[in-house]
Amino acid sequence: MCRECGCADRVPFGVKVLSVFAPKLLQSAARESAGPATVEIHTPLLAKNDDAAERNRAVFRDRKMLVLNLISSPGSGKTELLSKTMDGFDEKAAVLVGDLETDNDARRIHRPGVPVAQITTGTACHLDAEMIARGMEGLDLDGVRVLFIENVGNLVCPAEFDLGEKIRVVLLSVTEGEDKPLKYPPIFKSADLVLLTKTDVAGALGFDRQAALSNIARVAPQAEVIELSARSGEGLDAWYGFLRKQLVGNPEAAPA
Amino acid sequence: MHEVGIMESAMSLVEQHAAGRERSRVSRVVLRVGVLAGVDLYALRFAFDVVSAGTLAEGADFEVEEVPVTAYCLGCEREFSGVDGDFVFACPDCGDFSGEVRRGRELELSRIELS
Ligand SMILES: [Zn+2]
């Protein structure tokens, strides 16, 4: 159904795109005859999720907690980065892990004193705001200053689901190629921060760093970019620096 | 698979608006979808056929109005439209890349027609 699992390939394309004017003609025709009656609705389809996201945002604000939503393709190193971050970052953190099947990711991240909970999404290829609200119930958030949400590995479906996060982080590993931002513009355009990960293997892969940075800058000029490798540790200080800067500058962490 | 969930929200709205009316057979369903909404139109069409089955909208025409992108240049303080099929938004005046999307993320049930 989504591009990630490729199951839309079999579906015949039958969507008609109306011009701006055609519906108005149809409507006036409708009023003058016994033809169809038009009911104008104009309601957002994700209103339910957006409402739940606002409730989450209020909870995060009350708790003075910085919340980040980490989104990437499978295998781009979210879990590895979060494991490292639990060891290296000095503020109290918690993690919500969204996963399709096993709870290996949550186990890998788990550390003494680090609240970690798994959200199993079943067949859903993204987390939604209500899943976050339920997932938080299973977490002891006392004293937690940063909550990391590891979204399901998918660059398409999570794009439009606001979880109530302050910072949306999109990870792109050097193994995925320089042109990925051009292939998934909605998610990159919604990013506050792009992490270029696994930089330790960039050389071996002949990764064109300049091309990747230029593609990110063109598609997502609003995003900050940090290059890092969880394995070698390169760039982790910049990542922690970003988090600290957000904590200091976060009105949710320090309300006026 | 999120197109199915989106279509389920759409169908529940359709039923709310159509039920109890004199003419409650839905002959047309129109969605407004921004090109940056992250929705696959093929999947949406498929989801409509699946989700509308057995509802007041079964067999209705399904249409999507695509909303093109409008971006905003902070430097020039002007809006400009994105070029079709190209997701790099460069201001036509100064050439700067813009990440500020003003329109193009819409995802809404626009209207229905009853007969
Ligand atoms: Zn400009």
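**Exercise 1. Is B:E77 buried or exposed, and what is its relative accessible area?**

Solution. The model is a predicted one, and each step below is read from its coordinates. Begin with the position: B:E77 is found in the loop between strand 3 (70-73) and strand 4 (78-81) of chain B. Next take the accessibility, where the cut-off for an exposed residue is over 50%; the relative accessible area of B:E77 is 63%, so this residue is exposed. Finally, look at the backbone, where B:E77 has a positive phi of about 50 degrees although it is not a glycine.

**Exercise 2. Determine where B:L56 lies, how accessible it is, and which residues it is in contact with.**

Solution. B:L56 has its place in the loop between helix 2 (41-52) and strand 2 (61-67) of chain B. Its relative accessible area of 30% makes B:L56 partly exposed, since that class lies between the cut-offs of 20% and 50%. Once neighbours within four places in sequence are left aside, the contacts of B:L56 are with B:E15, B:A18, B:A19, B:S24, B:R25 and B:V26. For one of these residues, B:A19, the separation can be given in two ways: B:L56 and B:A19 are 37 residues apart along the chain, while their C-alpha atoms are separated by 8.1 Å.

**Exercise 3. Describe the buried and exposed residues of helix 5 of chain A, and what covers the buried ones.**

Solution. Helix 5 of chain A spans residues 129-137, and its buried residues are A:A129, A:M131, A:I132, A:G135 and A:M136. Viewed down the helix axis, these buried residues fall within an arc of 150 degrees, and therefore they line one face of the helix. The face turned away from the buried side carries the exposed residues A:R134 and A:E137. The elements that cover the buried residues include helix 2 (47-62), strand 3 (93-99), strand 4 (116-120) and strand 5 (146-150) of chain A. At the N-terminal end, helix 5 of chain A is capped by A:D128, a side-chain oxygen of which lies 3.1 Å from the backbone nitrogen of A:E130.

To set this helix in its chain, note that chain A has 10 helices and eight strands, and that buried residues make up 54% of its 256 residues. Among the contacts in chain A with a separation of 6 or more, 74% come from residues 24 or more positions apart.

**Exercise 4. Is A:S190 buried or exposed, and which residues is it in contact with?**

Solution. A:S190 is placed in the loop between helix 7 (185-189) and strand 7 (193-197) of chain A. Because its relative accessibility is 18%, A:S190 counts as buried, the cut-off being under 20%. With neighbours within four places in sequence left aside, A:S190 is in contact with A:R168, A:Q222 and B:R105.

Terms used. Residues numbered from 1 in each chain as written. Chains lettered and ligands numbered in written order. Predicted model: local features only at pLDDT ≥ 70, side-chain atom pairs only at ≥ 80, totals over all residues. Heavy atoms only, no water. Buried < 20%, exposed > 50% of the residue type's maximum accessible area, 1.4 Å probe, protein only. Helix = DSSP H or I, 4+ residues; strand = E, 2+ residues; numbered from the N terminus. Arc of directions from axis to C-beta. Contact = heavy atoms within 4.5 Å. Polar contact = N/O pair within 3.5 Å; in protein donor to acceptor, adjacent residues only side chain to side chain.
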